[in-house]
Amino acid sequence: MEQQAPARPVEDSRSDEELLRAFATGRHNGKEALGELARRHERELLGLACGILDGDRDGAMEVVQDAWVRVIRYGAGFRAGSSVRTWLYRVVINRCLDTRKVRSRQAASNGKLHGVPQPARTDTSSLQEALRMLTDDQRLILLLCHHRGLTHEQAADVLGIPLGTLKSRQHAAIAMLRNALANGDHP
Amino acid sequence: MNNQNLTDQSARDAHIAASLADVCAWRAGDTELWNRAWDQEHGAQAWWKRGRTWGLSAAAALVLVSGTVVWRGMGVANGIAPAAITADFRGERVQAARKAYAMEVDRGYADKVVALGGEVARVPADAQVRATVSPSTPALPLQPVATPSQDRFVVRRATMELETRDVHAVFAKCSLLPNAALGEFIETSSISGDGDEARAEVTLRVTADRLSSVLNELRGFATITSEQSGGQDITDQVVDIDARLRNEQRIEQELLALLTSKKDASLEDVLRVQQELSRVREQIERMQAQRDSLGRLASLATVLVIIRHEGGPQQPPPNSFKEAMGRAWSRGVDDLGGFVGGAVRLAVGGLPVWVVVGAGAVVAWRTWKRKRAAMANEPAPRLPG
C-alpha cells in the first residue's frame, strides 16, 4: 500500500508588503498575514541574531520577539521606503547591537565575562572564537554576507551602504579572519 | 607551490564561508515568536496597561474641565459676570435680566451736561442701580439709591417670584401692601386657577423709600423662588428737561418784559410777540408735564409679584393647542439661547485654558506621530568601529 505524503500548506503568493498591509488593515485575516510573514523570515532572523549575539539563543529569541512586537505596533505606519524584509533585518540588527552594548557595559562594571552568557560549544566554536577577535563592524558584515537569508545587494541595503563598499569591507574582514584562524591567536 | 597555496586558501575560504553560514543557522524547532508577541500586545496585561493610560488621561481631562467649570462658577458668584447666570435663567426672567442689563447708567452723559451748563449736582461715584438675586443666595440688601430730593432720579423695578400653598391668601396680603396715603397703589393684579394650578400676579407701585421694606415684607409671605431688582437712572433726562425749562422760562420773562416796555409798539409787533409768548408757554407746559412724569416715575418703584402654588405648573395651563405650541416654541428658543450662551461663555471664558490644552494636544499629537513614524521606519544600523 502506497503511503501518502503529508499535505504541504499552500504557499501564500502575496508579497511581504501585501502581507504587512493586510495585517495592518486587519482585512483578510490580519493575524494570518502576520503568521505568514513570520514563517518566511523568523528562522533567518533568529539565526542572524544568534550569530551577532555570539550564539546566545535566548537573547536571539528575545530580540526577534521584540521585532515582532514592533511590527504589530507600528506596522500600520510602515512606508515603502525599503522592503519589509530590510526593515525587519534592521530592527533585529539594531536591537542586537543595543543588547551587545548593554552587555559590554554590564561586563565592564561587573568584571570580565560575568553576566555575559557563554555560548554552547559547537563544531563552529573555533570560528566563533576567531570572530570575537574582529571588530563589531567586521563581524556584522561577515555574518550578513554569509547569512542564508540575504543576497549581497540586500545586505548592502540593510546596512545602508553601497554594494562596492560592502564587498571591500567583506574582503578585508575575511582576510582578518583568515589570519586569525591561521595564527590561532584566539584563546 | 603557488597553486598549492591558492588551493589551500580557496579551501580555507570555503570552509570559513560554510562555517559562517553555520553560525547563522537556526537549528532549534519552530519558535512561533510572532505568536508570543501577539499575545504580549493583545493579552490582558496589554489591555490593562493601555486602559491605565487612557484612564489617567480621562481623569486628567475630567479634573481640567471640572476646574474650569468651578472657576467660571466662582467668577459668577464673585460678580465677574453679574446677571449672566441665575439658578433658573429663562423665560420671563431672561427678559427681565435683559431689561435690567440695558438699564446700566450712562454716567458719561451726565458729565457732559455738567461740563456744558454746570446745572447738575455731582453724581456719587459709587452709585449702583441694579442687583440680581438668585434663590440659592440670601436676599441681598438693596444698594442705597438717592431719591429725587437727593438730586438723583432712579426708576426702580423689582420682580419677585413666590411659591406658597395658599396663593389666594398671599395675593390678598400683597394687595394690602400699598399705602394710599403715600400715593402708593396697585397698578395691575390678576389671579387665576384653583388648587395646584392657582397663579396670581400683582404689580405694585410703592415709594422708592419704602421699596426695601416692601420687599422684606414680601419675603416673609412665602418661599422665594427668584428675585431680581434693578434701576434706571434718569437723572440725565431730568437735568436736561430742567435746563431747557429754565431757558424757556427766561425767554418767557424777556418776552413779557418786552411787551411791558414797548408800549408804543405797532399792533403787528405786539401780536407777533404774543404769538411767540404763546408758543413758549406751550413748550414750558409740555416740558413741565414731562418733568412731573419723570418725577413720579422716580418717586414710585414698580414691584412685580408672581405667586404660584408650591409644586404647581410654572405657567397657567394653555387654553388652546396654538397657545401650547407657542409656549413650547418660546421655551425651546429660550433653552437653545441658554445653551448657546452657556457654550459661548465656556468657550470664551475658558479661552486661556483651551489655548494651553490645545497647544499641549497639538504638541503631544505631533510628537506621537513623529515617534510612530520613526519606529515604523528603522534607520540603517550605525556600524560600530
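User: Hi! Which residues is Glu36(A) in contact with, leaving aside its neighbours within four places in sequence?

Analyst: Glu36(A) is in contact (heavy atoms within 4.5 Å) with Asp12(A) and Leu19(A), leaving aside those neighbours. This is a predicted model, where local features need pLDDT of at least 70 and side-chain atom pairs pLDDT 80 or more, while totals for chains, interfaces and linings use all residues. Residues are numbered from 1 along each chain as written, chains are lettered from A and ligands numbered from 1 in written order, and side-chain values use heavy atoms, without hydrogens or water.

User: Where is Glu36(A) found?

Analyst: Helix 2 of chain A, residues 30-52, holds Glu36(A); helices here are DSSP runs (H or I, at least four residues).

User: And is Glu36(A) buried or exposed?

Analyst: With a relative accessible area of 14%, Glu36(A) is buried (under 20%; exposed is over 50%, partly exposed in between, 1.4 Å probe, protein chains only).

User: New topic: how many residues has the largest nonpolar core?

Analyst: That core has 64 residues, and Trp68(A), Leu144(A) and Leu177(A) have the most contacts inside it. Helix 2 of chain A gives the largest share of this core, ten residues. A nonpolar core joins buried Ala, Val, Leu, Ile, Met, Phe, Trp, Tyr and Cys through side-chain atoms within 4.5 Å. A second, separate core of 23 residues includes Phe171(B) and Leu215(B).

User: What does Leu144(A) contact, leaving aside neighbours within four places in sequence?

Analyst: Its contacts include Leu48(A), Tyr89(A), Ile93(A) and Leu159(A).

User: Last one: which residues of helix 11 of chain B does helix 10 meet?

Analyst: Leu351(B), Pro352(B) and Trp354(B) in helix 11 of chain B meet Leu346(B), Ala347(B), Val348(B) and Gly349(B) in helix 10 of chain B.

How values were computed: Helices (H or I, at least four residues) and strands (E, at least two) are DSSP runs, numbered from the N terminus.
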